Amino acid sequence: MKTNIKIAYAFLVLGLALSSCEKTFEYLEKDPNRAITAPASLVLQGIEFDLYDDTGRPFSSEMRWNQFYAINYNYYGTNEYQFGEMPNHYFTLKNVIKMEEEAKRAGAADVNGYSALGKFFRAYFYDQMSVRVGDLPAMEALEGRGNLTPKYDTQKQIYAQILTWLDEANTDMASLIAKGETTVPGDFYFNGDLRKWQKTVNALKLRILMRLSKQADDAELKVQSRFAEVLNNPAKFPIFSGMGDNLQFVSNNFNKYPSNPDNFGFDATRQNMAKTYIDLTVARQDPRVMVVAEPAGAQLKAGKNPSDFSVFVGASSGEDLTDMTEKAGRDNGAGFAPGVYSFQSRSRYYTNYVGEATFILGFPELCFNLAEGINRGWASGDAESWYKKGIKASQEFYGVKDGTLTMRYSRTGGRDAADFGTYTIDFNFEQYYAQPLVKYDGKTAAGLEKILTQKYLAFFMNSGMEAYFNYRRTGVPNFLTGVGTGNSGRIALRWLYPFSERTTNETNYKEAIQRQFGGDDSINKALWISQ
């Protein structure tokens, strides 16, 4: 009897062993302790963070290329326009697809909040790549192993598709809102409010239409009529109505503003303000400069008051870095900040971790885009009204309003309480606006230049590289060059394709380079969008 039991037990063990051997390798390699799916709401948050993190953060290299500030210490970088590979947003776009798949897997309808946002994200990230390099794999991209060598679509085709995505996103969001489906779980920008996202979609559309200003007469893109449609039909195309509608990233003690108390000792004296930005604000007696920058120590030592606009001095981005290093570090003696240049505000950027909100798409830009389109004759309207709204919105973001303004500055260049002093100035917007350098000149080239100049000032430390993209498109403002900017005194015109394309997608890569630039993947070749 015992022998029979032992035999049966042996067969049972053998059977179990054989059955376990029949399991596939794919089954065995799955880690039961790791999730293989994620809710769409969680995937969304990663995509949203990339809107801020991967397109040009405050006080980054991108902001040097915008000529808002300059670096004076070559250990940390240079001011040269030596663009490398483009930012690769295909990884984020893969997550967009995964977000949409997870929403469907959870039972969502074909048109849902995530699918509508997915169209916005596609438009945004393809724009961020194409505006830097030109033609791109788009229609055949993101097919995975099904197509490892996608063809390059022309930049015109890409922007036509971007506009299509934005129109579809607007329509889908309007349909969802009409049905009472107004929230998208996981969204940390607008707490899931699709109504605010719909405004954001149309704000991006206006930016894209401005991006295409040199192709405004293209019969297929219909830039001018699309612009007029947005302006004249707010019920169908709602847009931002104030600063509360901004798509913006707000830092905190965990996701810290890039300039903060932790890195004061590393970069506070190695990053001085740039002449391009400083000179434009000083010439217009614009108090925004007093909020974001410090009076130059050498000017205060010379006996000037901190309330004098002439104490704000920027370095040319084209200055030789050795010379800039010496001037920025020049000892002015006890009680004065070092250097002949202004540094970024110690109180605004180095006493807390929040800094200021970083616009991704902001109301001031929207106002200036509308003013520009009207100035160019794309639609009828009051360009001056939008121009003034844009200036006011930007100034008020910095606390610049009618009345007596109290400004805080660092006497010594430090950030301790004892280092700070204050001064007051009186400000009146109408007096500011009446200045010849500010007052709108009507539908003229001079009027357009003023719109573009104020747009540039409003882009300070926000909106990624929009300041540079607008300069490249319009030539406004004049960017400074020299030994310090490298590239033989030229402002680079584009980034390079990922080097991996030369080996993994060689045939299509070469065809695109030949089609656009005569075979030369150079940073100094003009894009179709700029011609």
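In which loop is the place of Lys 222? Lys 222 sits between α8 and α9 (223–232). The views below come from a predicted model.

**Figure 1. Overview of the predicted protein chain.** The protein chain carries 22 helices and eight strands. Its C-alpha atoms fill a box of roughly 110 × 60 × 50 Å along the principal axes. Of the 531 residues, 54% are buried. Accessible surface amounts to about 22,900 Å², and carbon and sulfur atoms hold 51% of that. Take the contacts between residues at least 6 apart in sequence: 74% of them join residues at least 24 apart.

**Figure 2. Two non-glycine residues with positive phi.** Most residues other than glycine have a negative phi. Lys 222 has a positive phi of about 55 degrees. Its relative accessibility is 47%, so Lys 222 counts as partly exposed. Asn 191 also shows a positive phi of about 55 degrees, and is not a glycine either. Asn 191 belongs to the loop between α7 (155–178) and α8 (194–211). With 70% relative accessibility, Asn 191 is exposed.

Figure 3. Most peptide bonds are trans. The bond from Val 476 to Pro 477 is cis, with omega near -5 degrees. Pro 477 lies in the loop that runs between α20 (466–474) and α21 (501–504).

Figure 4. The model holds 47 aromatic pairs. One of them joins Phe 190 and Trp 197, edge-to-face, at 5.2 Å centre to centre and 85 degrees between the planes. The angle is over 60 degrees, which means edge-to-face. Phe 190 has a relative accessible area of 8% and is buried. Trp 197 is buried too, at 0%. Ring pairs link both residues into a cluster whose members include Phe 49, Tyr 52, Phe 120, Phe 121 and Tyr 124. Phe 125, Phe 188, Tyr 189 and Phe 249 also belong to this cluster.

Figure 5. Tyr 73, Tyr 75, Tyr 76 and Phe 266 make a nonpolar surface patch of about 470 Å². Tyr 76 sits in the loop between β1 (69–71) and α5 (90–105). Its relative accessible area is 35%, so Tyr 76 is partly exposed. Tyr 73 also takes part in a charge-over-ring arrangement: the charged end of Arg 270 sits over its ring, 4.7 Å from the centre.

**Figure 6. Lys 388 over Tyr 433.** Lys 388 lies over the face of the Tyr 433 ring. The distance to the ring centre is 4.7 Å.

**Figure 7. Surroundings of Gln 395.** Gln 395 is part of helix α17 (residues 383–397). The relative accessible area of Gln 395 is 1%, so this residue is buried. Beyond its neighbours within four places in sequence, Gln 395 is in contact with Asp 286 and Arg 288, among others. Its contacts also include Val 400, Phe 427, Phe 429 and Tyr 432.

**Figure 8. Val 282 in helix α11.** Val 282 is found in helix α11 (residues 275–283). Val 282 is buried because its relative accessible area is 18%, and the cut-off for buried is under 20%. Leaving aside neighbours within four places in sequence, Val 282 is in contact with Phe 309 and Phe 312. Ser 310 is 28 residues away along the chain, yet the C-alpha atoms of Val 282 and Ser 310 are separated by 6.9 Å.

Key: Residues numbered from 1 in each chain as written. Predicted model: local features only at pLDDT ≥ 70, side-chain atom pairs only at ≥ 80, totals over all residues. Heavy atoms only, no water. Phe/Tyr/Trp six-rings, centres within 6.5 Å; stacked < 30°, edge-to-face > 60°. Buried < 20%, exposed > 50% of the residue type's maximum accessible area, 1.4 Å probe, protein only. Lys NZ or Arg CZ within 6 Å of the ring centre and 35° of its normal. Patch = residues over 30% accessible without salt bridge, like charges linked within 9 Å, V, L, I, M, F, W, Y side chains within 5 Å. Areas by Shrake-Rupley, 256 points an atom, 1.4 Å probe, with all protein chains shown as cover. Salt bridge = Lys/Arg side-chain N within 4 Å of Asp/Glu carboxyl O. Helix = DSSP H or I, 4+ residues; strand = E, 2+ residues; numbered from the N terminus. Contact = heavy atoms within 4.5 Å.
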